[in-house]
Amino acid sequence: MQSYTVQPAKGVRGEIRVPGDKSISHRSIMFGSIANGVTKVSGFLRGEDALATLEAFRAMGVQIDDDGETVTIVGKGLHGLEEPTDVLDCGNSGTSMRLLTGLLAGQSFFSVLSGDKYLRARPMKRVVGPLSRMGARIGGRAGGEKAPLAIQGSPLKGIEYDSPVSSAQVKSAIMLAGLYAEGETVVREPHLSRDHSERMLRAFGANVETFPGGVRVRGGAELTGRDIVVPGDISSAAFFMVAASIVPGADLIIKGVGINPTRTGIIDILKGMGANLELLNERDETGEPVADIRVRHAQLKAMAISGEVVPRAIDEFPAICVAAALAQGTTVVSGAEELRVKETDRIAAMADNLRRAGVTVVETPDGMEITGVSALKACAADSFGDHRIAMSMMVAGLVAQGETTISDVDCIATSFPGFRELLEGVVQR
């Protein structure tokens, strides 16, 4: 396992582009594969997670070509996938496993999903439960709670499901099963989670309707292939937004970032903390809003983070924790218990790392209290095998008093290959 040492920065300046949105990249492969005709995807994220999805569909007989610029998918229609001859390896990707579980539940064949040790420890009953109500036949360790998951495709029926958590993975898994189900499938959630599935499925021709608090899918509609432009991933941009906010003298522009309103919690939170952040050149690309983001250094202030903004920033909380560590006052995060079932327990992981850096952190069951400091101490940080923890602590190291070493940074490749080089390219020392 590779470690990485970060030196303090004197500035963060320049213009950059971050890789394509991970959520949209996953979905472009999935929806293109079950559509009729050809789908061409530009801006596809070639990280390990999205590539796991790509390889899973190749294993089910889908022709997918990648020339380095464009990914071309020759769709096989709703019922054209073939039974895989081996276990489908989802790697570290919860999106791959949960969405594939929904999609495979309505097929006419048997399949098995597995992944690395971290993914095999993550909860799957949250999708297995509602899918079973639809008629899915899914087995797994711990009564279907843990992967590997064995799925015997079967006829499905639509249900109405009130999800106890706001999770795009849960919602999307049920929606994908709904494409194959008899009748109508309705999913409601406490707060609106990211809506990439709704937007893209409509673009492919699915019968999808959104309403306040939920989404409705009618089964049987055939999908038609189309061109997809994947915008820059705001979750990847978040690390640079925080870096430019906390490093004195910083002035950074991040080009072509997706600003889907279900994903802009990071922008709202940073602005609420007093960040000097502006959106430039706002535009629309294949149904997704996009902008250039300019961030300059500012003294951040603590705030309370709760409610509907939490699911809109759920993947960005490790980076938000770093911003809170440098903010004046105590930032209180609540309603974020979902962070405990990510690639690792991100509440515990960030609390542990920030304490090593001299920050006072109090954990709560659904969040944490972070009391900001004027400067972080140099420390040995632990990624816990989580890409977002690793990148967040690399950003924290830019404002530490001395060298910060982060263990096990290989995991960054799951979502952001090239992160270290891109960060070093804008850091001034």
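Where is the place of Ser-167? Ser-167 sits in the loop between β11 (160-162) and α6 (168-180); helices (H or I, at least four residues) and strands (E, at least two) are DSSP runs, numbered from the N terminus. This is a predicted model, in which local features need pLDDT of at least 70 and side-chain atom pairs count only at pLDDT 80 or more, while totals for chains, interfaces and linings use all residues. Residues are numbered from 1 along each chain as its sequence is written, and side-chain values use heavy atoms, with hydrogens and water left out.

**Annotated site**
- The UniProt annotation "binding site", from an unreviewed entry, covers Lys-22, Ser-23, Arg-27, Ser-167, Gln-169, Asp-315 and Lys-342; such annotations may be inferred rather than shown by experiment.

**Ser-167**
- Ser-167 counts as buried because its relative accessibility is 8% (buried means under 20% relative accessible area, with a 1.4 Å probe and protein chains only).
- Not counting residues up to four places away in sequence, Ser-167 touches Glu-189, Ser-193 and Glu-338 (contact means heavy atoms within 4.5 Å).

**Arg-27**
- Arg-27 belongs to helix α1 (residues 22-33).
- With 2% relative accessibility, Arg-27 is therefore classed as buried.
- Leaving aside neighbours within four places in sequence, the contacts of Arg-27 include Thr-95, Leu-99, Ala-168, His-196 and Met-200.

**Helix α9**
- The buried residues in helix α9 (residues 265-272) include Gly-265, Ile-266, Ile-267, Ile-269 and Leu-270.
- Among the elements covering the buried residues of α9 are α8 (234-246), β18 (276-285) and α10 (317-325).

Technical notes: Buried means under 20% relative accessible area, exposed over 50%, partly exposed in between (1.4 Å probe, protein chains only).
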